[in-house]
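Have the viewer open while you go through them.

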Amino acid sequence: MTSVPDVDANLLSAFLDSSEERDPYALYDMVRDLTPLRVPGMDTVLIGKYDDTMAALRHPGLVKRDPARRDADKPGWRDQPGSAEFYQSILWQNPPDHTRLRKLLNRAFTPRRVQALRPAIEQRVEDLYRAMADRGTVDLYADLAAQLPMAVIGDLVGVPDADQPDLRALVMDFLLVIDPLQPLEAVQRAERASIRLREYFADLVTLRRASPRDDLASDLIAVRDGDAGRLSEEELVRTVFILFAAGFETTANLLGNGCVALLQHPDQAALLRDDPSLAAQATEEVLRFDAPLQFVSRVTDGAVSLGTSVIPAESSVVLMLGAANRDPLVFEGPHRLQLTRKPSGIAAFGMGPHYCLGAGLARLEGEVVFGSLLRRFPGIELTAVPHRRLTFNMNGFTTVPVSIS
Ligand code: HEM
C-alpha cells in the first residue's frame, strides 16, 4: 500500500483554467494513470482510472459530505439559501436518511412510470421539430436540448407548461451555487434564484394537495400525508424542487453534447440515420464520449484503501467520471465516437447507492431525440463552432447553431 502523491502544480492550474479552449480529455489522459493524486494544501484527492472510480462509488468508506459533516467542515453554509437547499437534498445524504428518501423516490419513479412517458416525449419532440422546421437555421441547444428536459421533468413532477420558461432561467442560475469557480455576482444570483424556486415549489405542493393529479408531486404528498414520519414537509418541497433541477441541465447537456458529437462525426450520424434502432446504444456512447457531469465528490470516513493506495481520513475525493469514461484500459480507442461500441458500465450516471435516479428517463429522452433528429432533418449541419458553458463540473454547450434546410 502506498500513500497518495501530490499533483503537479502545472497540471493543477491547467485543470482550474476556465477558458473555452481547455480540452479536459487531453488533461485526463495526462493525469489518469497517475491518480490517485493529492491536491496540496486542500486535503483533496483526484481519482480518474475507471476501476478506481467505480470501486470508489461503491466503497462504504467513501461517503457524501452530508449536512452534519458539512456543519463541521464548512460552517455557515445553512445561512445561504441556495446552499441550504442543495446540500440538504437527497443528493447529499448518507444512510439512514438517504436510504429512507431513496426508497420513497424509487417507489414514485418506477421504470413503468418512466416508460409510460414515451408517447408524451415523442409528442413533445415532434412539437419542437415542427416549431423549428420552417426556420432554416436554429440553435439546437436553445430550441431542442434545453426545451425537452424541462417539459418532460415538468410533466413528471407536475409543473404547468406556462411556468416553465421562467423556471428554466431560475434553475440555470440556481445550479451555479455548486460551482466553486463562479464570481460573487453569480453566487448571489444563485441564492436569489433558490429563494424564488423554493417559494414556487412550496406553492405547487399546496396546489397539488388541494387538487391532486397523476404526477410525482401528488404522489409524494400522498406519502407525506399518509405517514408524516417518512417525509417531512420541508423534505417534500425540497425533493420536488431538487428533482426538477437535477433532471434539467444534465439531460439538456446529454442532448446538446450528443447532437454536437453526431454532427461532428458525419460517418456515425449516417449510421444512425440509416438505422434508428441504434438510438439506445448511440445514447450510451454519447454519454460515455462526452459526459454531462464530469465530477462527483465524496469524503473519506476514516482511511480508505483503493487499489494499491491508501487515501487518508478526512480527505475530499473527486471522482472524474469524464476521465473514467475514456480510460483506454476499458474502452478501446476511447477518444473515438463509435455508435456500434455498445459500451456497458459507463460512469456518466455514477454507480452504487447514489446511482442516478433519473438515468432511465434521461436515456429515454436521448433515445427519442437521437433516433429521430437525423431523419427528420437529413440536411442538418453545424453552421458555427458551438459554445461551451463553462462551469466546474457540468459539461455542455450554450449554443449549437445548425442549418436544417
Ligand atoms: C443525462 C442526464 C443525467 C446525468 C448525466 C446524471 C448524472 C448523475 C450522477 C453522476 C449522479 C450520481 C451523483 C453521485 O454519485 O454523487 C446522479 C444522481 C442523481 N440524479 Fe441524475 N443525471 C441525469 C439525469 C437525471 C434526471 C433526469 C433526474 C431526475 C428526474 C436525476 C436525478 C438524480 C437524483 C435525484 C440523484 C441522486 C441520487 C441519490 O443520491 O440517491 N438525474 N445523477
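Predicted model: local features only at pLDDT ≥ 70, side-chain atom pairs only at ≥ 80, totals over all residues.

**Ligand site, pocket and cavity**

1. Residues are numbered from 1 along each chain as its sequence is written, and side-chain values use heavy atoms, with hydrogens and water left out.

2. On the iron: Cys356 is the only protein donor of the ligand's iron atom, through SG at 2.3 Å. Donors are N, O and S atoms within 2.8 Å of the metal (3.2 Å for Na, K and Ca), and water is not among the atoms, so sites may look incomplete. Cysteine 356 sits in the loop between helix H18 (321-324) and helix H19 (359-376). Helices (H or I, at least four residues) and strands (E, at least two) are DSSP runs, numbered from the N terminus.

3. Which side chains reach the ligand's oxygen atoms? Lysine 64 has a side-chain N or O atom 2.6 Å from one, arginine 102 brings a polar side-chain atom to 2.7 Å, and arginine 298 has an N or O atom at 2.7 Å.

4. For the classes, Ala, Val, Leu, Ile, Met, Phe, Trp, Tyr, Cys and Pro are nonpolar, Asp, Glu, Lys and Arg charged, and the others, Gly among them, polar.

5. The second largest pocket holds about 280 Å³ of space. (On a 1 Å grid over the protein atoms alone, a pocket is an open set with protein on both sides within 12 Å along at least five of seven lines; a cavity is a set of points where a 1.4 Å probe fits but cannot get out; lining residues have an atom within 4 Å of a point.) Of its 18 lining residues, Val260, Gln264, Asp290, Arg388 and Phe397 are closest to the centre. H15 has the largest share of this lining, three residues. The lining divides into eight nonpolar, three polar and seven charged residues.

6. Finally, the whole structure has one cavity of 30 Å³ or more. The largest cavity's volume is about 40 Å³, and its lining includes Leu175, Asp179, Glu249 and Arg389.

Note on methods:
Points joined across faces, edges and corners; volume = space filled by probe spheres on them. Polar contact = N/O pair within 3.5 Å; in protein donor to acceptor, adjacent residues only side chain to side chain.
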